[in-house]
Amino acid sequence: MSAALLVLALRDPASVARLDAAGWNHLLAAARAERLIGTLAWRLADVAVPDAARAVLDDARHDSAREGQQALWEADRAVDALRGTDVKLVVLKGAAYVAADLRAGRGRFVGDLDILVPRDAIPVVERALIAAGWEWVKEDPYDDAYYRQWMHELPPMIHVERDRMIDVHHTILPLTARPTPDAAAMIADAIPITNGLYILSPQDRIIHSAAHMLADGDMQGGLRNLWDVHCLYQEGLEADADFHLSLLDAAARHQLIDAVRRALRLSHRLYGTVGTVDDPLRWTDRLFIARLLARDGWGRETRKALVFGFFVRSHWLRMPPLMLARHLFTKWRKGHRPQ
Amino acid sequence: MRHAITLRIGPATFRIGSAWPQPIAALARLYAAYPDVEGAIADFTVRLQPTSLMRRFVRPSIFITGDHGLADAAPMSLSHGLLAAEMGMNLQMALGWRRHLLLHASSVEKDGRVLVMTGESGSGKSTLAALLGERGWRFMGDEFALLDCDSGEILPFPRLVSLKNQAIDVVAQTVGEARMGPMLRATAKGDIRHMVPRADAVARMAQGGMPALLLFPRFGHAADVRPLGQGEIFMRLTQASTNYVALGEPAFTALTRFVTTVPTRAIDFPSGDDAIAMVERLWEQLA
C-alpha cells in the first residue's frame with residue numbers, strides 16, 4: 001500500500017532516504033492522488049532528495065503557494081462582499097489555515113472557499129454574494145430544496161469572473177445527522193484573523209475537521225483531513241498544556257466526542273501525534289485505517305468493497321433510513337452513480 | 001499496473017501504465033530510439049485503465065487518467081490505445097508542467113535559432129513542422145513549445161508527431177513506412193497516424209534555441225501574409241498556453257519579452273509546398 005509510504009514520509013521525513021526510484025514513483029503518485037504533495041514538499045524541504053524528485057516537489061510547492069494566495073484573495077473578496085452587513089464571517093478549513101498561517105496550511109492545496117455564518121443571516125449573505133458576482137452552479141429544484149431543507153450549507157456558488165467556488169455553511173453537519181453541534185457557540189467563540197475575517201477557536205477547528213472527516217463524508221481525502229487534525233492538535237498543545245481537556249470538553253458540548261476521539265486515535269497511530277491521551281485502538285479503527293491507506297503505487301484507489309462500504313456509511317450517517325432510501329431513489333432516477 | 005513503460009521526452013519523464021499490453025508495445029516500438037530511462041523517477045504518471053471491470057475484456061474501453069485527470073474525458077477503444085497514451089502524456093503536461101511556459105505550438109530549429117508556429121487544431125502547424133523537419137530543419141515538437149522564463153529559449157518536446165487526415169499521406173510519402181505508426185481510423189479527430197521524428201531531433205532533444213520567428217499559419221486559404229499587433233499576439237499566446245496563469249509573473253515577463261522581440265506574421269496557404277516556400281522566404285527576410 002503506497003499510502004503507507006506517504007504517511008511514513010510525512011511522519012518521518014528522514015525515512016525517504018531508504019526509497020529507490022520505484023519507491024519515489026509510488027510515493028509521489030500517492031501524494032498527488034491524496035492532494036498532499038504540497039504538504040509533502042514542505043515536510044521534505046530539509047532532507048536529501050534525488051534531483052528528479054526535488055524538481056517534482058518544487059513544482060508542488062510553487063502550486064500550493066499560488067493556491068494559498070488565491071484562497072486568501074477569495075476570502076478577502078468574501079469579506080468585501082459582506083462589508084456593511086454585520087455578519088461575522090468565519091472562514092473554514094484550508095483557506096482558514098492559510099489565512100491564520102497555521103502549520104496545517106503549509107503546502108496545503110485549497111479548493112473551494114468554505115465559510116460559516118449564522119443560520120438566520122443566510123438570506124442576507126446570499127443577497128450580498130449574488131450582488132458581488134457569485135451565482136448558483138446548477139439550478140436543480142430537487143437539489144436546491146434538498147440543500148435548503150436538510151443540509152448544513154447552501155448549494156455551491158461560483159464567482160462569475162474568477163470561476164472560484166464558495167460554500168456557505170450555517171453549521172458543520174447536515175441537519176439530518178444525529179449529532180447537532182452548536183454552531184452559534186462556535187461562531188461566538190471564533191477568533192479574528194484580519195479585519196472582518198474570523199477563524200474557529202483552536203478546539204473547534206479540530207472538532208470541525210473530525211466531524212467533516214468521520215461524521216459526514218466517505219473518507220475521500222481522509223489522509224489530508226487527518227494531517228490537518230495532526231497539525232492542529234500539535235499546535236493547540238504547544239500553546240496550551242491542558243489543550244486535550246478543553247478539546248474533549250468542547251467536543252462533548254457539540255456531541256462530537258466520538259468523532260474527535262477517533263480522529264486523535266487515528267492521527268496518533270498514523271502520524272505519531274503526541275500528547276493524545278492513551279486511548280487504545282478499537283477494532284473499528286482498523287477499518288478506518290485500511291480505508292485511509294487504500295491507495296496503490298499508481299495513485300489508484302484499492303479495496304473497492306471497503307471504499308464502497310464507507311460511501312454507504314456516509315449516507316447512513318447523514319440521513320434516517322427512509323429518507324436515505326427516498327434520496328438515493330431520486331438520485332438513481334436522475335442517473336447518479338457512486339464513483 | 002500490469003504493463004508499463006517509462007519515456008523521457010525533452011525535459012519530462014513519463015511513467016505510463018496500462019491494463020492491456022498493446023498500447024505499451026506500440027510505444028516501445030515507436031519510442032525505441034529515445035533514451036533508455038527504465039526505472040527512473042518520473043515527473044508524471046499516466047494510466048490507461050478500463051472504464052469498468054468488465055470493459056477490460058468485453059469491448060475494451062480505455063479511461064485516460066494519471067496524476068492529473070479530467071473527469072469528463074471521453075473513453076477510447078483499445079484499437080486507439082497508442083493515441084490514448086499520447087493524449088495521456090499531453091494531458092499531464094498541459095495540466096501539470098510548471099518548469100516552462102507551455103505554448104500550444106510546433107517548433108523547428110536552424111542554426112541555433114527557432115521558428116515557432118501556433119494556431120488552432122487543423123491550422124497545419126504539425127504538418128508544417130513535420131515537413132520542415134525533413135528538409136534541413138531540426139524538428140523540436142508539434143504539440144508544445146516550452147518557453148524558458150529565465151533564458152527566453154525555446155526547448156524541444158519532440159514526441160511522436162500526430163498527423164491527421166490528408167496530412168498523413170503527404171508526410172508518409174516523404175518519410176517512409178519505417179518511421180510511421182499504425183493507422184488509427186475514425187478517432188474523434190478523424191484518421192490519425194503517428195510519425196517518429198528523425199534521429200537528430202531525438203538525439204538533440206535537450207538542446208534549445210532562441211526564438212527568431214513566430215508564425216500563425218492557416219491552411220486552406222489563398223496565400224497571404226499579414227502583420228499582427230503586439231497586443232493581439234500576446235492575447236493569442238496566453239490563450240495558446242495551458243499554464244500561463246499558473247506560472248504567474250515570470251510567465252508574464254517572459255511572454256512580454258517574447259512578443260516584443262520576436263518578429264511575427266500570420267500566413268495563409270493553400271498547400272504544403274506553398275507553405276514551405278513562404279516560410280523559407282519569411283525566415284530569410286525576418287529571422
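Which residues of chain B do ring pairs link into a cluster? They are B:Phe14, B:Phe44, B:Trp97, B:Phe144 and B:Phe157.

## Basis of the description

The structure is a predicted model, in which local features need pLDDT of at least 70 and side-chain atom pairs count only at pLDDT 80 or more, while totals for chains, interfaces and linings use all residues. Residues are numbered from 1 along each chain as its sequence is written, chains are lettered from A and ligands numbered from 1 in the order in which they are written, and side-chain values use heavy atoms, with hydrogens and water left out.

## Aromatic pairs

Over all chains, a search of the whole structure finds 13 aromatic pairs. Rings of Phe, Tyr and Trp (its six-membered ring) pair if their centres lie within 6.5 Å; planes under 30 degrees apart count as stacked, over 60 as edge-to-face and the rest as tilted. One of the pairs is edge-to-face: A:Tyr233 and A:Phe243, at 5.8 Å centre to centre and with 65° between the planes. Because A:Tyr233 belongs to helix H10 (residues 222–239) and A:Phe243 to helix H11 (residues 243–253) of chain A, this pair ties together parts that are ten residues apart in sequence. Helices (H or I, at least four residues) and strands (E, at least two) are DSSP runs, numbered from the N terminus. A:Tyr233 is buried, with a relative accessible area of 0%, and A:Phe243 is buried at 1%; buried means under 20% relative accessible area, exposed over 50%, and partly exposed in between (1.4 Å probe, protein chains only).

A:Phe308 and A:Phe311 form a stacked pair, with 6.1 Å between centres and 25° between planes. Both lie in helix H14 (residues 304–318) of chain A, where they are three residues apart and thus separated by about one helical turn. A:Phe308 is partly exposed, at 46% relative accessibility.

## Charges over rings

Two arginines are placed over aromatic rings, one in chain A and one in chain B. A charge sits over a ring if NZ of Lys or CZ of Arg is within 6 Å of the ring centre and within 35 degrees of the ring normal. The charged end of A:Arg61 is 4.8 Å from the centre of the A:Trp42 ring, and B:Arg236 lies over the face of B:Phe216 at 4.7 Å from the ring centre.

## A three-stranded sheet in chain B

Chain B contains an open sheet of three strands in the order S11-S13-S12, with antiparallel pairing; two strands pair if DSSP finds at least two bridges between them. Strands S11 (161–164) and S12 (184–187) stand at the edges with a single partner strand each, so one side of each has no neighbour in the sheet. On average, neighbouring strands are turned by 35° against each other, direction ignored.

S11(B) is joined by four bridges to the antiparallel strand S13 (residues 190–195) of chain B, and B:Leu163 stands opposite B:Arg193 in S13(B). Helix H4 (residues 166–175) of chain B packs on the sheet, touching S11 and S13, and its direction makes about 25° with that of S13(B). Contact means heavy atoms within 4.5 Å. Axes are lines fitted to C-alpha atoms, for helices over the stretch in contact, and angles run from 0 to 180 degrees between N-to-C directions.

## Salt bridges

The whole structure holds 37 salt bridges over all chains, each a side-chain nitrogen of Lys or Arg within 4 Å of a carboxyl oxygen of Asp or Glu. A:Arg32 and B:Asp67 meet in one of them at 2.7 Å, N to O. A:Arg32 lies in helix H2 (residues 21–33) of chain A and B:Asp67 in the loop between strands S4 (61–66) and S5 (76–77) of chain B, so the pair joins two chains. Both residues, A:Arg32 and B:Asp67, are buried.

B:Arg193 forms a salt bridge with B:Glu177 (2.8 Å, N to O). Since B:Arg193 is in strand S13 and B:Glu177 in the loop between H4 and S12 of chain B, the pair ties together parts that are 16 residues apart in sequence. B:Arg193 is buried at 11% relative accessibility, whereas B:Glu177 is exposed at 53%. In chain A, salt bridges that share partners join A:Arg261, A:Arg262, A:Arg265, A:Asp279, A:Arg282 and A:Asp285 into one network.
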